[in-house]
Amino acid sequence: MLGIINPIMSENLYSIMEENTNAIKTNKSKGFTEEIEKRRTFAIISHPDAGKTTLTEKFLLFGGQIQTAGAVKNNKIKKTATSDFMEIEKQRGISVATSVMGFEYQGVKINLLDTPGHKDFAEDTYRTLTAVDSVILVVDCVKGVEPQTERLMEVCRMRNTPVIVFVNKMDREGKVPFDLLDELEEKLNIKVRPLSWPISMGMGFKGVYNLYEKSLNLFEANKQKVEKNIVAIPSLDSSILDDEIGNKLADQLREEVELIEGVYGPFENESYKTGVVAPVFFGSAVNNFGIKELLDTFIRIAPNPRVRETEERIVDPFEDGFSGFVFKIHANLDPKHRDRIAFLRICSGKFERNKNYYHTRLAKSLKFYNPTSFMAQDKSVIDEAFPGDIVGLYDTGNFKIGDTLTEGEKLNFKGIPSFSPEIFKELVNTDPMKSKQLEKGIQQLTDEGVAQLFTLQPGNRKIIGTVGELQFEVIQFRLLHEYGASCRFEHMNFFKACWMTSDDKPKLRDFCELKNRNIVTDKEGQIVYLADSEWSLNVAIQNNPTIKFHFTSELK
Ligand code: G4P
C-alpha cells in the first residue's frame, strides 16, 4: 500500500496559474500557442482485465493509427506471472515502441502513454502518471472498484490529476449504475458526475444516453468497426425515444436522467480540471461502444499541458525557455549496445534537435542528434517538439529518473517521488571477481527505476526494494546478461520504507542509533527507516512526534 500521501500540488494552484498563463501567452507567436493548446497528454489506467488494452486499441482505431483490432494486444506483459525472462524482456522491448502512442484526432494531437498492467510494474505506472496531464480510469462494471484502481487513484489525487472514469463491459450483467457511482465516490474518494447514462445492461443493453450532447447512442455489438448508430432526439420527452427503446425503458431513462440532473447538478469543467470531480462514461470497449462519445468529450474537456512545479519556481508551458524531465528509462535489449532510451516529458518552450541543453543534476551540457517521437508502433527522428510531447533520447548513462533538462536555468521538477517498496531483499554477490560489474549494474538498473537501492551499515550492505517478485528475476537476469555479474537475493522481513526528516536533530540521531538495524540510506543519501511491521511503525510514529515519517521520497 502507498500509505498516507500528501498532495503534491494544491487544488487551486492551477486556477491561479491559469491567469498567469494568459498573461504569458499574449506575446507569443500564434503557431507556438496553438501547438500547445492542441495537445492532450494522458494515460489509461485500470486494474488488470478491466479493459485498458482494449480501450487503447479502440482509441488507436479512431485515430487511424491501426486498421484492425488485436494489434495492441500482444504488447501486454502477460498477466500470469511468468518466469520466462526472455519473454519479459521481449515484451519490454516491444513496449518501447508503444510506450507512447501519438496520434491526431479531429485536429487534436493526442499523446497516450502506456502503463504496464502487471501489478509488479506498478511503480512504472506511478512514474508515468507524473508525465501526463490527465487520466482515463477504466472500471469493470461487474467487479466495480478493485484494489489496484484505488492505489492508482491515490497517486492521481496526489497531483490533482483530472480523471475521467470509463465504466466498461456494460454488455455484461454488472452492478446497478447508481450503486457503482456511490462505490466510485466512496472508494476513490472523489466526486463523480455521469456524462453518459446506460440504458439497461447485459443482454438487454440498449445503449447510452449522452448527457453532455443530449443524444442517444444505440448499441449494436461490433468488435471491428468504428461506425456507430446515433439517434438524434430533440429532447427526452420526444416520442422518438419510445419508438427506439420502448415505453418502459424510455420512461425509466427519463426518470433516471431527472434524478441525475437533480442529484449531481450541472457539470463544471473547472472542477474536473482541478481534480475535484470525475466525469463518468459507460460503454463496452470490446464492442466499440461508448468509445467515440468518450474520445469526443475527452478532447473537448481534457486539459492541454499544465503548469508544473519545480523546487525553484512554477514553470508555465507557454514560456519561451525549454524545460523537461525524464520519467522513464528503457534499456536496450541488445547486450552489445548498452545504450538506453530516456523518455523526456516536455514542460515548457520548444525542444529542438542538435541544440545544447543543460542537465541540471550533472551541471553539464548535452546535445541530442536523434531524438525520437512515438507514433503508435513507429518511432521516428524529430526536429522539434512542444510541451506535452514525449521525446525519446538515446542515453549512454547520463540519465536518472527525475532528471531535468533546460536551456541553462537550474530547475528541478517536483512530483516524481519513489514510493515505499513492498518486498525487500539483500543483494549478495556470488562472484567476487565481478564486484565492480555488479556495483555498476545495480547502480544503473536502479537509475532506470527497475527497483530501489538502499544501503545498510555496517558493511555497505545493499538492500533492494521492489513492488513485486518479478523485478528480482529481471534484475538477476539482467545483471548476468548485461554486466556479467552474478548474485542471489536473501529475503529481509521489512514491512515498509519511510523517509525521515526532523528539525530536532538530536532526537533523529537517537532514533537512528536505537533502530540502527532498520536504518538505511537511499541513493540520494536520505535517511530511511525500514519498519519491521505496521505495529512497529505506528509505535515509532507515536513515540517520536518531532520526527516526520514520509511515505514517499519527496519530503515536502
Ligand atoms: P487490461 O488491459 O485492462 O488487462 O484488459 P483487456 O483490455 O486485456 O481486457 C481484458 C478482457 O476483457 C479481455 O478478454 C477483453 O476482450 C475483455 N473485454 C474488454 N472490454 C470488454 C467489454 O466491453 N465487454 C466484455 N464482455 N469483455 C471485454 P480476454 O478473454 O482476456 O482476452 P481476449 O481473448 O478477448 O483478447
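Mentor: Start with F472, which counts as buried at 3% relative accessibility. Buried means under 20% relative accessible area, exposed over 50%, and partly exposed in between, with a 1.4 Å probe and protein chains only. F489 is buried too, with a relative accessible area of 17%. The charged end of K425 sits over the ring of F472, 4.6 Å from its centre. That label requires NZ of Lys or CZ of Arg within 6 Å of the ring centre and within 35 degrees of the ring normal.

A word on the basis: this is a predicted model, where local features need pLDDT of at least 70 and side-chain atom pairs pLDDT 80 or more, while totals for chains, interfaces and linings use all residues. Numbering runs from 1 along each chain as its sequence is written, and side-chain values use heavy atoms, without hydrogens or water.

Now the ring pairs. Rings of Phe, Tyr and Trp (its six-membered ring) pair if their centres lie within 6.5 Å; planes under 30 degrees apart are stacked, over 60 edge-to-face, the rest tilted. The count comes to 21 aromatic pairs. One of them is F368 with F399, stacked at 6.2 Å centre to centre and 20° between the planes. F368 is in the loop between β18 (364-367) and β19 (372-375), and F399 in the loop between β22 (390-395) and β23 (404-406), so this pair ties together parts 31 residues apart in sequence. F368 counts as buried at 7% relative accessibility. F399 counts as buried at 1%. F472 and F489 also pair, edge-to-face, at 4.9 Å centre to centre and 70° between the planes. Helix α13 (residues 470-483) holds F472 and strand β27 (residues 487-492) holds F489, 17 residues apart. Helices (H or I, at least four residues) and strands (E, at least two) are DSSP runs.

Elsewhere, the charged end of K328 sits over the ring of F343, 5.7 Å from its centre.

Last, the largest pocket. Domain 2 (308-406) and domain 3 (423-550) both give residues to its lining, so the largest pocket lies between them. Those bounds come from an automatic or database domain assignment. β25 supplies the largest share of the lining, 3 residues.
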